[in-house]
Amino acid sequence: MITVDGLVAVPSLGLKYLAGSRGGFRPVTWAHACDLPDPWRWFKVGDLVMTTGGGLPAGPDDQARWITQLIDSRVSGLVVALEPSAPDVTPELLKTADGRDFPVLSASFDLKFVTLARTIIESAVETERERLATIKRLYDVYWQSLHARGTFDARISALEGSIGWALEVRDLDVGETLARGREAARRQSAHPKEADDEVTQVPIPGAVNVALVVYPGRRPVQDRPLLQHLGGLIALELEHHAVQRDHLRASGQDLLLGLLDDTIDLSAVWPELRHRGMAAAVTVVCWKAPDGAPLHHENIHHDVRLQHCAPLLAYRSSMLLGVVPDDNELLSSLTAKLAEHCAVGLSTPLAASTRVSEAARQAQLAVARAHEAGMPLVRYGTDQRDSGFLPRSVEDTRQLVRRILGPLITYDRAHDGDLVTSLRTFLANDGGWQRSSDDLGIHRQTLVYRLRKVEQLTGLKPTSTRGSAMMWLALQAADSAQLPLDDLMT
């Protein structure tokens with residue numbers, strides 16, 4: 001596309017700057033001759049206005065106002081080839097144009113405007129031909145890149161090579177880059193604080209607050225239609241990416257549910273984790289809001305911080321469980337998006353032989369402790385709130401509960417009994433018979449009978465120091481694990 005400077009450089013046209021030479025970079029898309037007193041009403045952005053002065057006012061102030069209105073219409077410039085009867089161009093007009101960097105060119109009256117218009121039209125036609133060829137090349141390059149199964153960054157780099165601009169895709173909400181071409185990466189490294197007015201941002205159709213950021217490279221960034229085609233290609237990429245991530249979320253949930261109910265071994269899923277971008281350390285996490293408030297988890301897998309990995313996620317019982325990268329910063333940022341005052345608990349790092357169900361219990365215990373301590377993140381095994389007298393692992397808790405309370409849990413399950421509840425109430429009341437009976441709503445002798453049954457089944461006497469201590473410890477450990485007794489029996 002030819003610019004005002006390009007027209008001045010054509011010797012046969014004989015154009016010279018009268019004012020506004022600093023605006024010579026403006027592209028010229030079309031040319032029109034007009035001697036009406038209000039040419040700004042008839043033209044659009046990018047047009048070059050040609051006049052013989054027939055509509056030009058005579059007074060200097062009127063000419064200043066006239067050129068101001070023409071400049072405000074955002075045309076690219078004015079060519080003046082005055083006929084003998086036309087008023088002279090005043091210094092006021094030229095001063096106003098020069099102050100706005102608006103090109104005003106002089107031409108001899110002998111210049112045929114059709115010659116100037118033909119030059120511009122031929123340039124516009126050639127520009128459109130080049131644009132079509134560039135657009136075709138863009139789509140061909142992009143199609144080939146898709147078939148090569150490269151990364152998003154690789155496809156952006158391929159587009160850079162075809163168009164001569166440096167490109168990146170940016171999430172404006174969080175200020176994170178979704179993809180960046182090699183040229184943009186090189187430019188960012190060389191100019192990390194490049195001013196915003198040196199780049200062009202193109203909104204991506206269908207994407208909220210995501211933009212294509214274009215830096216000038218081998219050519220200036222001026223071709224708006226070409227930019228819109230680039231934005232369309234990026235929109236297709238993002239839509240494809242979103243559909244793919246939805247598929248990965250669904251398939252990841254199926255895998256995680258199988259791991260949680262022990263129908264799938266983690267060793268069988270280990271290669272899939274690498275395929276999902278989790279080749280480094282991974283852990284099981286549990287996100288939970290206070291009082292079981294719902295989590296805004298439906299689109300969390302689209303978060304920009306998860307663009308390079310696809311964790312296994314499953315939402316159940318007001319908790320979001322996941323097998324995710326062991327990255328505190330990543331997990332904390334996701335926690336803030338799920339719910340107000342949400343916390344996350346982490347298991348110990350996973351190995352191929354780890355039982356994910358056990359690690360999930362660790363994560364649930366850790367998130368419970370996070371809420372108790374008012375902390376956003378707790379890693380299992382690092383919280384010291386129990387002073388060391390309770391078991392430090394879910395497996396130790398399970399063994400203690402099975403050994404001490406197992407016979408009672410089994411009896412209650414088989415006979416719809418209340419031995420565990422009666423024992424818990426009795427210990428909570430420091431062995432007070434009448435108060436415990438009142439709390440349970442039963443006769444005191446019924447409580448005596450139940451605790452004798454407890455002694456028969458466990459071999460521990462609830463009224464003795466040893467018996468009450470062992471049973472209280474088992475109940476406290478179960479409560480600390482935040483897991484039902486039936487779960488601790490499995």
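1. Helices (H or I, at least four residues) and strands (E, at least two) are here DSSP runs numbered from the N terminus, and two strands count as paired if DSSP finds at least two bridges between them. Axes are lines fitted to C-alpha atoms, for helices over the stretch in contact, with angles running from 0 to 180 degrees between N-to-C directions.

2. On the basis of the model: this is a predicted structure, in which local features need pLDDT of at least 70 and side-chain atom pairs count only at pLDDT 80 or more, whereas totals for chains, interfaces and linings use all residues. Residues are numbered from 1 along each chain as its sequence is written, and side-chain values use heavy atoms, with hydrogens and water left out.

3. Strand β13 (residues 343–346) is covered on both faces, since A343 and G345 on one side and V344 and L346 on the other are all buried; buried means under 20% relative accessible area, exposed means over 50%, and partly exposed lies in between (1.4 Å probe, protein chains only). Strand β10 (residues 282–288) pairs with β13 in the antiparallel sense over four bridges, and V285 has L346 of β13 as its bridge partner. Strand β14 (residues 377–379) runs parallel to β13 and is joined to it by three bridges, with L346 standing opposite R379 of β14.

4. A further open sheet has five strands in the order β1-β5-β4-β3-β2, again with mixed pairing. Because β1 (16–19) and β2 (30–33) stand at its edges with a single partner strand each, one side of each is left without a neighbour in the sheet. Neighbouring strands of this sheet are turned by 30° against each other on average, direction ignored. The antiparallel pair of β1 and β5 (residues 104–106) is joined by three bridges, and Y17 stands opposite L105 in β5. Helix α3 (residues 91–99) packs on this sheet, touching β1 and β5, and its direction makes about 95° with that of β1.

5. R170 lies in strand β6 (residues 166–171) and is buried, its relative accessible area being 19%. Its side chain makes a polar contact with the side chain of Y215 at 3.3 Å; such a contact is a pair of N or O atoms within 3.5 Å, where within protein one must be able to donate a hydrogen and the other to accept it, and residues adjacent in sequence count only if both atoms are side-chain atoms. Leaving aside neighbours within four places in sequence, the residues in contact with R170 (heavy atoms within 4.5 Å) include E176, L178, Q201, N209, V213 and Y215.

6. The protein chain has 16 helices and 14 strands. Its radius of gyration is 38 Å, well over the 23 Å that the globule rule gives for 490 residues, so the chain is more spread out than a compact globule; the radius is taken over C-alpha atoms, and the rule is 2.2 Å times the number of residues to the power 0.38. The C-alpha atoms fill a box of roughly 125 × 50 × 35 Å along the principal axes. Of the 490 residues, 47% count as buried.
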